[in-house]
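Work through these exercises with the model open beside you. Try each task before you read its solution.

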Amino acid sequence: MGVLWMSFMLKERMESEELMLLRLLKARGGLVDDSRFWNLEKGYQGEMLFDKWFSGVDGEWIVVNDLLLEHGGSLFQIDSLVIGGDRVYLFEVKNFEGDFLLEKDRWYSGSKEIKDPLSQMQRCETALRQLLSSLGYQLPIESSLIFINPEFTLFNCSPKLPIIFWSQLNRFCHKLLKQSASSGKLHARHSRLAEKLCELHMEKSPYERLPEYRYEELRKGIVCVGCGGMGVRHHYRMIECESCGSKEALDTALLRSINECRSLFPQIKISTKIIHDWIGETVSKKVIQRVLQINFSLIGYGKSANYVKETQRLIRTDIKA
Ligand SMILES: [Zn+2]
């Protein structure tokens, strides 16, 4: 009774736009740096695993994921911020795999030195503390570096460090539950803090970090929604992938392909002709035009006519000329 908040998710995690665009580029033969791509992909998978785990930790919290904040002129990123009754938890999630070594504050993967994730988290904590204080909140911050992958080992690690390994997650869950039970209820000021942090969240353009790519150089066709390959065939109103067997309604696949083109080339004017080319001329212009007309607004006349902004209408399968 009287529970105001129960594990309330204010800001859900979205796949980073950079990762989404890289995936599109990769499927179409763009020159994507594989290690950057897999780092992002792996990081995202790790964060999803963490979210799944945390959703099973009962208690009163407000969860705010994926924040990019600024304080004192520098940017800092938070994987997961959890507001409890008497403190704020900051979780930095790493999906590292394999054997790592910690030696005099230096981190090694094999013989290669890597960026110290602990000091990265501590910088983040300091910036967050200053930001919270500037907003009038003096809540203590409890930071944990979570290694979510069961295949991760860190040699030479002091047990005093704020690190949680996969094998410790159950015990960590019990600790959080205890703390939640004794921390008091959440109040309006907690939710105001969460809302304020969401307001301060900065969107960064993902395009700056993408490799160079040109429309002409990318492979044309419909990308399979299941495996990301391009071996799809279409039969009447369905498409089917020859490699993985995934099926998708043709209209949905077309709308998805149109949006992929819009995401990769925000400057391109969308027309039936462009989309016909983009999907490798695999579907008739008539069908493409129908999907465009239903989902987008047409502006301009004659040759300069183009489709803008997806409308909220659902895809219809019939349309009167
Ligand atoms: Zn497939």
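**Exercise 1. After the helix**

Which residue with a positive phi follows H4?

Solution. This is a predicted model, so read every value as computed from it. Go to the end of H4. Gly 184 follows the helix, and its phi is near 85°. Now step into the loop between H4 and helix H5 (188-200), where Leu 186 is found. With 1% relative accessibility, Leu 186 counts as buried, because the cut-off is under 20%. Gly 84 is 102 residues from Leu 186 along the chain, yet their C-alpha atoms are 6.9 Å apart.

**Exercise 2. The faces of H4**

Work out which residues of H4 are buried, which are exposed, and what covers the buried ones.

Solution. Step 1: get the dimensions. H4 covers residues 169-182, which is 14 residues. From first to last C-alpha it reaches 20 Å, close to the 20 Å expected at 1.5 Å a residue.

Step 1: list the buried positions. They are Leu 169, Phe 172, Cys 173, Leu 176, Gln 179 and Ser 180. Viewed down the axis of H4, these buried residues fall within an arc of 130°, so they line one face of the helix.

Step 2: find the cover. The buried residues of H4 are covered by elements including helix H2 (34-55), strand S4 (88-94), strand S8 (141-147) and strand S10 (163-165).

**Exercise 3. The partner helix**

Describe H2 and find what covers its buried residues.

Solution. Start with the length. H2 has 22 residues and reaches 31 Å between its end C-alpha atoms, close to the expected 32 Å. Next, pick out buried residues. Among them are Phe 37, Leu 40, Tyr 44, Phe 50, Trp 53 and Phe 54. Glu 41, Glu 47 and Asp 51 are also buried in H2. Finally, list the cover. It includes helix H1 (17-27), strand S2 (62-71), strand S3 (74-83), S4, S8 and H4.

**Exercise 4. The zinc site**

What are the protein donors of the zinc ion, and why is their arrangement called tetrahedral?

Solution. Step 1: name the donors. They are the SG atoms of Cys 224, Cys 227, Cys 241 and Cys 244, lying 2.3 Å from the zinc ion. Along the chain their spacing is C-x2-C-x13-C-x2-C.

Step 1: check the angles. The four donor atoms subtend 102 to 114° around the zinc ion, which makes the arrangement tetrahedral. The ideal for four tetrahedral donors is 109.5 degrees.

Step 2: check accessibility. Cys 224 is buried at 4%. Cys 227 is partly exposed at 39%, and Cys 244 is partly exposed at 37%.

Step 3: count disulfides. With a cut-off of 2.5 Å between cysteine sulfur atoms, the count is zero.

**Exercise 5. The whole chain**

How many helices and strands are there in the chain?

Solution. There are eight helices and 15 strands. Of the 321 residues, 44% count as buried. Taken along the principal axes, the C-alpha atoms fill a box of roughly 65 × 50 × 40 Å.

Technical notes: Residues are numbered from 1 along each chain as its sequence is written. This is a predicted model: local features need pLDDT of at least 70, side-chain atom pairs count only at pLDDT 80 or more; totals for chains, interfaces and linings use all residues. Side-chain values use heavy atoms; hydrogens and water are left out. Buried means under 20% relative accessible area, exposed over 50%, partly exposed in between (1.4 Å probe, protein chains only). Helices (H or I, at least four residues) and strands (E, at least two) are DSSP runs, numbered from the N terminus. The expected span of a helix is 1.5 Å times one less than its number of residues. The arc is that of the directions from the helix axis to the C-beta atoms. Contact means heavy atoms within 4.5 Å. Donors are N, O and S atoms within 2.8 Å of the metal (3.2 Å for Na, K and Ca); water is not among the atoms, so sites may look incomplete. Four donors count as tetrahedral if all angles lie between 85 and 135 degrees; four count as square planar and six as octahedral if opposite donors are over 155 degrees apart and all others between 65 and 115; anything else is irregular.
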